[in-house]
Amino acid sequence: GMLASILLLTEDGEHLELGDAPSLPDAYNNAIDRMAIGDGEGSCGTAAATGRAVFVDDIATDPRWADFRDLALAHGLRACWSVPIKAGDGSVLGTFANYYRHPRQPSDLDRKIIEAIALTTSIAVERIRLERMRIRAEEARALVLEELQHRVKNAFALAQSLINLNVPAALSARDLADKVSGKLHAIASAQDIIVRNGSDRSDEMTSMRTLLATILGPLGYGDADNRISLNGDDQMVAAQTLSGLAMVFHELATNAIKYGALTTARGTVSIHWLTTPEGLEIEWAESGGPPASAPQSQSFGSRLVASTARQLNSTIDYNWRAEGLLVKITMPSASVTD
């Protein structure tokens with residue numbers, strides 16, 4: 001009897017994952033799921049890598065099955081004919097294979113049948129792939145719109161907060177306008193770090209102090225009242241990591257002036273970082289403002305920070321204290337300098 005399987009090429013183009021193979025043993029399917037493709041990687045791995053049909057008459061003796069021979073024989077599989085499933089442009093989408101429990105050579109009719117099945121299967125697989133691409137595009141569009149809305153809301157909230165904080169010290173309406181205008185310009189410059197370095201793949205490095213001073217300068221770092229303090233060594237950060245860290249600190253700073261310590265004249269923020277053999281430890285501590293409380297639901301900003309942390313292989317821990325928010329960030333060495 002014939003046993004059939006459909007394996008689909010993964011998005012990285014380097015592996016095959018299980019599409020459908022109900023007649024094959026589950027243990028066998030699980031073992032080959034996400035197998036690497038390559039010339040000599042069984043019938044399917046070879047067919048996917050070369051884009052050509054592979055007809056193995058006897059798994060027990062064929063050198064292309066060296067890495068999978070024991071697995072196949074243990075499940076009573078002796079022959080495997082595999083043909084690539086291709087898209088309309090000729091690119092490989094996956095493989096369609098027939099297995100047999102005894103050595104068997106394909107006849108001309110067998111070859112035509114399996115190639116016809118692969119062609120029919122390719123139509124369905126390509127439609128599925130196109131549907132997935134459409135769904136991902138819609139999800140990406142929704143994500144962009146959500147971030148745009150988040151950024152616009154933050155911009156208005158920051159502007160309002162800066163006006164409120166500068167009113168008591170302003171000597172006149174013109175003086176207030178100048179103070180707020182300067183800070184908004186600095187905020188735009190800090191935001192440019194995130195955008196510019198997000199596409200910067202150079203080997204340039206920036207110090208932690210420079211990064212934080214640029215982002216926190218508009219919010220009070222460097223002012224005479226010392227409401228924001230930076231304490232740490234001269235740790236340098238790679239360009240590839242800079243945009244991620246800038247995103248995290250920009251979000252923390254925005255929340256501090258919207259809801260946290262920087263909403264009051266007495267509130268302070270202290271950022272301390274320390275380089276260890278394992279990596280970089282950063283502590284963001286707020287005090288003097290309203291008591292910190294965990295949000296009832298995860299906002300887009302918090303999801304953005306969590307996603308960035310995962311990209312940097314880092315951990316972020318929040319401590320919602322009565323005296324103010326405490327955030328601890330731990331980054332491995334590879335994420336800081338690579």
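Two strands count as paired when DSSP finds at least two bridges between them. With that in hand, we can look at the sheet in this predicted model.

The sheet is open and has six strands, in the order β3-β2-β1-β6-β5-β4, with antiparallel pairing. At its edges are β3 and β4, each of which pairs on one side only. Take β4: three bridges join it to β5, and the two run antiparallel. For valine 54, the bridge partner in β5 is serine 82.

Next, helix α2. Why is α2 described as largely enclosed by the rest of the structure? Because seven of its nine residues, within the run 42-50, are buried; buried here means under 20% relative accessible area. The buried ones are Gly42, Ser43, Cys44, Gly45, Thr46, Ala47 and Ala48. They pack against β1, β2, β3, β4, β5 and β6. Just after the helix, glycine 51 has a positive phi of about 75°.

Now the nonpolar cores. The largest has 36 residues, and the ones touching the most other members are Met208, Leu216, Phe249, Ile271, Ile282 and Trp284. Elements that each supply at least two residues of this core include α6, β8, α8 and β13. Helix α7 gives the most, with nine residues.

Which residues does isoleucine 271 contact, leaving aside neighbours within four places in sequence? Among them are Leu212, Leu216, Ile228, Leu230, Ile282 and Trp284. The list also includes Ser229, Asn231 and Glu283.

There is also a second, separate core, of 22 residues. Leu3, Cys44, Trp65 and Val92 are among its members.

Key. Residues numbered from 1 in each chain as written. Predicted model: local features only at pLDDT ≥ 70, side-chain atom pairs only at ≥ 80, totals over all residues. Heavy atoms only, no water. Buried < 20%, exposed > 50% of the residue type's maximum accessible area, 1.4 Å probe, protein only. Helix = DSSP H or I, 4+ residues; strand = E, 2+ residues; numbered from the N terminus. Contact = heavy atoms within 4.5 Å. Core = buried A, V, L, I, M, F, W, Y, C linked by side-chain atoms within 4.5 Å.
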